[in-house]
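Please read it with the structure open beside you.

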Amino acid sequence: MFRVEGELCGHCPGATVYQVGAFPGPRIEGQPVAMDTLEGPGRFTLDLPDGGWYLHAVGGIPDDRGTLNGLGWGSHGGIYGFGRPVAPGEPVRIHVSPLWRDLTHLPLIRGAMLSDDQWHALHRAMARLHEDLSCNIEGDLERAASLTRTRLSALFRRGVGVTMEEYRTRVRLEAAKALLVLSDAPVRDVALEVGYSAPAQLRRMFLRYLGVTPGEFRRLAQAVSESGPAQPPAAGSARRYGLAGALSRWLGPPRTGTVRGEVLYRGDREGRALYIGLFPGPLPDTYPAVWTAIPAPGPFTLRRVPEGRYYVLAAYLAARMRYPGDLGSGFAYGGYGDVDTSGDLARWNPVPVTVRPGDEVAGLRIELVDGEIIRRFGGTWLRAFLPDGR
């Protein structure tokens, strides 16, 4: 574990809450392993498990479930999505601005809105958009999702909140932002790489969504970053490695592994959902690095686990949940290792597991026991069910 202290600065009109979190990759995905909440720009403190964590900040307005509707974004070491991992003892200063918001960060809704088959079809179409920015909306996406255009369009509206065309535009602009920051390529080459036939189209989209031209965005990004671009390109680097190479270096997946196991329960009660998470400490008093939910005790898999040392903890929740992951409804709990089941936290001693890149930790066995000790934790780590199933 190591402590990070830093400063959040910038201006985000309308924001009433600011959050700073540590994530395994260069963009916000899943829940942070640690988070600090501020009422405005100022000092923050995070206690992080060992590993390479990226710090991202969001300023916005919380809804009635506590989920923050982001109005402005920022990252340590650069603009949002283009920073660098924080090192122990390194000075941290994060600049939050509406200009750096992630245009593809939308409130995906699973729940009763989409069935599992519909959700998987939507994700296949979204993955196709990301892998080929110039793909054909009329044909490629329909084949990827195995649905007609009408049905696929309805899924986008229900699960994402925007049309397919709108989502593709946002994906293209995020890719263009990456190329403008990570390469020295001319704007016309960037426009062609992300699927536009002319630079004027890219300029029009930047002005519509960000209020600046692509060239102005590049200059502002370099000025905001503490040390210029997150990966300063050498002269001619875009021509030598290609624009696709520059983009793939930013989009490359974090170094992760997999954790598999089984949860057992011998009690008489039947719950609504069982949550399993990987935590930096032996108590679920912060956000897990990765988590999943299963309908009842049985096998579980945690994918895309950042390398590090974690405690595997589980909670079985009743049907009266006020929101997904409401620990106040928990009636059984457990953890991996030789744990005490008397309810005395002083004797609670789960065993940590170490996850390395590319490896799989398998065969974990967690036996749940009845008890209300789980209710003593805040439950904020599960206030919003993640649509990607982590």
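1. The structure holds 10 salt bridges. A salt bridge here is a side-chain nitrogen of Lys or Arg within 4 Å of a carboxyl oxygen of Asp or Glu. This is a predicted model, in which local features need pLDDT of at least 70 and side-chain atom pairs count only at pLDDT 80 or more, while totals for chains, interfaces and linings use all residues. Residues are numbered from 1 along each chain as its sequence is written, and side-chain values use heavy atoms, with hydrogens and water left out.

2. Start with D102 and R27. Their side chains meet in a salt bridge at 2.9 Å, N to O. D102 sits in the loop between β7 (92-96) and α1 (116-131) and R27 in the loop between β2 (17-23) and β3 (34-38), so the pair ties together parts 75 residues apart in sequence. Helices (H or I, at least four residues) and strands (E, at least two) are DSSP runs, numbered from the N terminus.

3. Are these two residues buried or exposed? D102 is buried, with a relative accessible area of 7%. R27 counts as buried too, at 18% relative accessibility. Buried means under 20% relative accessible area, exposed over 50%, and partly exposed in between (1.4 Å probe, protein chains only).

4. R27 has another partner. The side chains of E174 and R27 meet in a salt bridge at 3.0 Å, N to O. E174 lies in helix α4 and R27 in the loop between β2 and β3, so this pair ties together parts that are 147 residues apart in sequence. E174 counts as buried, at 4% relative accessibility.

5. E174 also meets K177 in a salt bridge, at 3.0 Å, N to O. Both lie in helix α4, three residues apart, about one turn of the helix. An α-helix has 3.6 residues a turn, so residues three or four places apart point the same way. K177 counts as buried, at 2% relative accessibility. Taken together, R27, D102, E174 and K177 are linked in a network of salt bridges.

6. Now helix α7 (residues 214-224). Its buried residues are P214, F217, R218 and A221. They cover an arc of only 100° around the axis, which puts them on the same side of α7. The arc is that of the directions from the helix axis to the C-beta atoms. On the face turned away from the buried side, α7 carries the exposed residues R219 and A223.

7. What covers the buried side of α7? The cover over its buried residues includes α4 (164-182), α5 (187-193) and α6 (199-209). Contact means heavy atoms within 4.5 Å.

8. Look next at the open sheet of three strands. Its order is β4-β1-β7, with mixed pairing. The edge strands are β4 (42-48) and β7, each pairing on one side only. Two strands pair if DSSP finds at least two bridges between them. Strand β1 (residues 2-10) and β7 pair in the parallel sense over five bridges. The bridge partner of C9 in β7 is H95.

9. Last, strand β10 (residues 290-294). Four of its five residues are buried, so β10 is largely enclosed by the rest of the structure. Five bridges join β10 to strand β9 (residues 273-279), and the two run antiparallel. The bridge partner of L274 in β10 is I294.
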